[in-house]
Amino acid sequence: MTALGALSLVAAALFMTLEARGNWSFVLPFRATKLAGLVLVAVAVAVATVVFQTITRNRILTPGIMGFGALYVLIQTVLVFGLGSARVAGIDPRALFAAEVALMLVFAGLLFRALFGGSTRSLHLLLLVGIVCGTLFASIAGLLQRLIDPGEFLILQDRLFASFNGIDDTLLGTAAIVVAAVCAVLWRWLPVLDVLALGREHAIALGVAQDRMVALALGLVTILVAVSTALVGPIAFLGLLVANLAYMLLPTARHAVLLPGAALIAVICLVGGQTLLERVLSYDTVLAVVIEFAGGLVFLLLVIKGATR
Amino acid sequence: MIAIESLCKSYDGTPVLDGVDLILPQGGVTAVIGPNGAGKSTLLSVMGRMIRADAGRVTLDGRDLATAPGSEVARRLAVLRQDNQPSARLTVQDLVTFGRYPHSHGRTTAQDRVHVARAIAYLGLGDLADRFLDELSGGQRQRAFIAMVLAQDTDVILLDEPLNNLDMRHAVGIMALLRDAARDLGKTILVVLHDINMAAAYCDRIVVMQDGRLIHHGPPEEIMTDALLSRVYATPVTVHRVAGRLVALY
Amino acid sequence: MSTPVTLWTAMAVLVLSCISLCIGAGTFDLQALWTDGWHASEVEVLLVSRLPRTLALILAGAGLAITGLILQILVRNRFVEPSTVGTTESASLGVLLVVLLAPGMPVVGRMLVAATFALAGTGLFLLILRTVPLRSVLMVPLVGIVLSGVIGAVTTFLAFRFDLLQSIGAWTMGDFSVVLRGRYELLWIVLAAVAMAYAMADRLTVAGMGHDFATNLGLNHRSVMTLGLVIVAIVSAAVVVTVGTIPFLGLVVPNVVSLALGDNMRRSLPVVVLGGAALVLVCDIMGRIVIHPYEIPIGTTMGVLGSALFLWLLLRGRSRVA
């Protein structure tokens with residue numbers, strides 16, 4: 001754990017200083033903003049994934065794979081489409097973000113209920129439905145984006161659809177507050193999360209209001225996904241990667257260790273990866289691709305090792 | 001005292017519990033027996049709040065279990081279902097410590113540790129305490145879960161086929177443990193059993209279920225008869241007295 | 001029973017083709033052609049742009065539907081098609097490497113390289129499947145989709161590294177607006193593939209029953225498998241090289257046809273071929289009408305329609321497959 005903390009600090013320091021030519025007073029604040037964005041995304045994705053895997057009791061299900069990120073982009077697109085881009089551009093980004101999160105909570109709740117409420121709870125069906133839902137959301141979003149006037153769309157795209165390359169810094173403050181608040185709540189729930197990991201029946205037997213806690217935890221997960229998607233766009237496999245690394249490196253079931261551990265690993269992956277790619281190898285913007293590649297490999301390995309039984 | 005009042009539950013129109021009434025006085029071990037699909041596990045699940053009943057209610061000293069706060073009930077009633085497959089990688093020690101959750105909510109006290117150590121010792125798991133559950137045999141894992149339920153230290157304990165996967169020695173050990181806990185500590189224990197001879201040897205009362213109904217309830221001598229068992233299991237059964245114990249042959 | 005269905009699907013393809021010929025950004029309609037006689041400019045539009053486009057649509061649709069059908073029979077799983085087993089993504093990677101290493105290569109060579117990659121990718125998929133301990137029905141497409149993602153990531157990375165992101169967009173997102181005379185003729189290879197699949201229909205069906213079953217009937221399971229996969233790889237590569245990827249088509253069409261006609265390949269094959277063509281025509285026409293005079297690429301329309309239908313197929317058989 002200490003090693004992870006130290007390593008993430010090193011990654012951050014390298015990110016801030018390496019190959020910084022020219023004016024320091026310009027470079028430092030610029031990089032600090034970017035670093036803050038990366039750290040927020042790392043924490044949000046890691047915490048969301050571990051909690052999601054705990055409440056679904058599975059290690060290959062993640063909110064990203066289940067299409068939550070794509071859902072956020074779809075809701076954003078529908079808002080732009082429905083209200084008109086001019087009006088959306090005039091709205092305070094924080095108010096817009098709040099509206100999007102609210103809508104997403106409703107949809108995620110419905111989706112989750114539809115998928116987990118039924119009598120059959122086949123994991124493979126869930127995963128496949130989740131992935132295809134993600135494709136469907138992304139395709140509908142793509143379709144609607146085509147229907148918006150192409151010129152206007154280009155202007156909007158810059159403002160509304162973020163990526164690792166263009167972290168949306170107007171939302172950084174809000175995002176930091178939201179992530180901190182969610183983490184504070186989860187911190188108080190640590191023992192409850194440990195119990196939820198035992199499964200529904202044991203949780204009830206131990207006196208935890210299982211259904212209510214799962215619903216609340218899912219709400220928090222949804223908020224975290226919304227934050228990370230708003231900052232850098234949808235990333236499917238990062239959560240899977242860091243959560244499973246955390247389980248591997250920290251052989252415990254205690255969330256008091258797992259959650260911060262996964263968050264630190266995510267920081268190392270994102271900040272370290274970005275430093276390596278951007279400064280050392282000088283490939284910008286491919287971090288998302290590399291994560292997709294590594295995360296996909298992890299998934300295949302998990303499947304081959306039979307982790308999905 | 002646990003009172004079950006006209007409990008009903010059906011799945012897709014098929015009744016699984018069909019008006020079950022039962023009163024369990026405090027103290028003593030009660031076995032639930034009956035053929036497959038009689039509704040034994042469903043009864044236990046409803047009593048343990050895992051499933052909601054369609055009608056009727058279960059009360060513990062007058063409080064409705066379905067509406068009472070979950071953690072309050074968990075300090076008075078523990079339940080262990082069949083097929084316990086934890087997805088998390090836990091050690092035996094971790095798992096048994098979870099039995100204390102209703103009492104301490106995750107902040108383990110010295111008193112909790114005493115309970116945990118005692119439960120682990122009771123079930124002879126001392127050497128395995130730091131092993132992960134997925135590294136244990138089925139029987140060892142089953143004992144770890146029973147230890148967790150014991151550590152919960154409740155007045156009422158519900159167990160669904162706790163002898164699954166256990167060898168003779170450990171099966172007898174668990175049954176003797178349950179009998180002693182009921183006699184010495186005044187616990188009320190309800191246990192679903194397939195082995196009617198175990199039920200006859202170690203339980204104070206036997207409840208017989210068939211087709212979602214409770215058809216008989218009484219001390220082992222009343223239940224262990226050729227006619228009753230042959231009818232319930234639709235198989236010729238004869239009961240003999242061997243070395244002072246009632247034994248059913250089938 | 002199957003003859004009227006075949007006939008109706010054929011009629012649908014015919015009607016849709018006429019519609020497809022009539023719409024577009026340029027000024028052209030059949031009626032004017034009929035009343036005013038043959039003006040050179042309109043004939044030109046017809047022959048250079050409209051007709052090739054419609055033909056390309058029919059060929060690509062038919063080809064992808066049939067690759068889906070063959071894969072589903074050989075892998076013995078309802079939910080596979082070129083874009084859910086890594087075939088398409090591997091073909092794209094092949095095209096990218098050709099562009100990088102041998103940009104001057106003629107289009108046939110490009111297709112052959114893509115087909116080789118497609119074959120290797122599909123082989124890799126089958127190899128991974130063999131090592132997966134638990135082969136649930138749904139695990140198969142799951143593995144395939146993730147494998148496609150990994151191969152796709154490699155492609156994107158290379159494309160980024162060599163500044164080709166713009167151009168891979170052309171063959172990762174299916175788009176028929178670029179089809180002109182002289183740029184689609186490769187797709188005629190689909191016709192040969194269809195003929196071959198029809199000739200092999202019985203052998204493919206038998207091979208799909210499994211190795212032991214096939215051997216028992218005196219069939220060389222391995223060679224039929226290989227031949228079937230070669231057809232799949234070549235058709236997928238040809239479609240990727242000429243118009244780009246069209247997701248889910250190969251999955252949806254054979255499944256819907258199988259619901260209506262069952263799984264005897266000799267009977268369902270003509271309907272699958274025609275159905276694929278019809279679905280692609282519908283998607284393309286929709287994409288051209290909705291924001292006229294702009295176009296929505298078929299990859300997008302098919303993504304919406306295809307994933308919605310895929311979801312329906314998954315959840316419809318929920319109790320059965322799960």
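Start by selecting chain A: among its contacts between residues at least 6 apart in sequence, 79% join residues at least 24 apart, where contact means heavy atoms within 4.5 Å. Before you click further, a word on ground rules: this is a predicted model, with pLDDT of at least 70 needed for local features and 80 or more for side-chain atom pairs, while totals for chains, interfaces and linings use all residues. Residues count from 1 along each chain as its sequence is written, chains are lettered from A and ligands numbered from 1 in the order in which they are written, and side-chain values use heavy atoms, leaving out hydrogens and water.

**Stop 1: chain A as a whole**

Switch to cartoon view. Chain A has 14 helices and zero strands; here helices are DSSP runs of H or I with at least four residues, strands are runs of E with at least two, and both are numbered from the N terminus. Read along the sequence, then, the pattern of chain A is α after α. Of its 309 residues, 58% count as buried (buried is under 20% relative accessible area, exposed is over 50%, partly exposed is in between, using a 1.4 Å probe and protein chains only).

**Stop 2**

Now select C:Thr300, which sits in helix α13 (residues 298-316) of chain C. Buried or exposed? C:Thr300 has a relative accessible area of 5%, so it is buried. Show what surrounds it: leaving aside neighbours within four places in sequence, C:Thr300 is in contact with A:Ser139, A:Gly142, A:Leu143 and C:Met173.

**Stop 3: a positive phi in chain C**

Stay in chain C and pick C:Arg76, in the loop between α3 (40-75) and α4 (87-101). Check the backbone here: phi of C:Arg76 is positive, about 60 degrees, although the residue is not a glycine. With a relative accessible area of 54%, C:Arg76 is exposed.

**Stop 4: two crossing helices in chain B**

Hop to chain B and highlight helix α5 (residues 110-122) together with helix α6 (residues 138-151); their axes come within 9 Å and cross at roughly 140 degrees. (Axes are lines fitted to C-alpha atoms, for helices over the stretch in contact, and angles run from 0 to 180 degrees between N-to-C directions.) That angle makes α5(B) oblique to α6(B), since under 35 degrees counts as roughly parallel, over 145 as roughly antiparallel, 65 to 115 as roughly perpendicular and the rest as oblique.

Which residues make the contact? Show B:His115, B:Ala119 and B:Tyr122 from α5(B), and B:Ala147, B:Leu150 and B:Ala151 from α6(B). By class, that contact has five nonpolar, one polar and no charged residues (Ala, Val, Leu, Ile, Met, Phe, Trp, Tyr, Cys and Pro count as nonpolar, Asp, Glu, Lys and Arg as charged, and the others, Gly among them, as polar).

**Stop 5: salt bridges**

Side chains of opposite charge can pair when their charged atoms come close. How many salt bridges are there over all chains? A search of the whole structure finds 14, a salt bridge being a side-chain nitrogen of Lys or Arg within 4 Å of a carboxyl oxygen of Asp or Glu.

Select B:Asp112 and B:Arg100 to see one, at 2.9 Å from N to O. The pair links distant parts of the chain, twelve residues apart: B:Asp112 is in helix α5, and B:Arg100 is in the loop between α3 (92-98) and α4 (101-104) of chain B. B:Asp112 counts as buried at 2% relative accessibility, and B:Arg100 is buried at 3%.

Next, take B:Asp155 and B:Arg76, whose closest N and O atoms are 3.1 Å apart. This pair also links distant parts of the chain, 79 residues apart, with B:Asp155 in the loop between α6 and β7 (156-160) and B:Arg76 in the loop between α2 (70-74) and β6 (77-80) of chain B. Both count as partly exposed: B:Asp155 at 36% relative accessibility, B:Arg76 at 27%.

Then go to helix α7 (residues 168-185) of chain B, where B:Asp180 and B:Arg183 are three residues apart and so separated by about one helical turn. Their side chains meet in a salt bridge of 3.3 Å, N to O. B:Asp180 counts as partly exposed at 30% relative accessibility, whereas B:Arg183 counts as exposed at 59%.

B:Asp61 is in the loop between β4 (55-60) and β5 (63-64) of chain B and is partly exposed, with a relative accessible area of 45%. Check its phi too: near 50 degrees, a positive value in a residue other than glycine.
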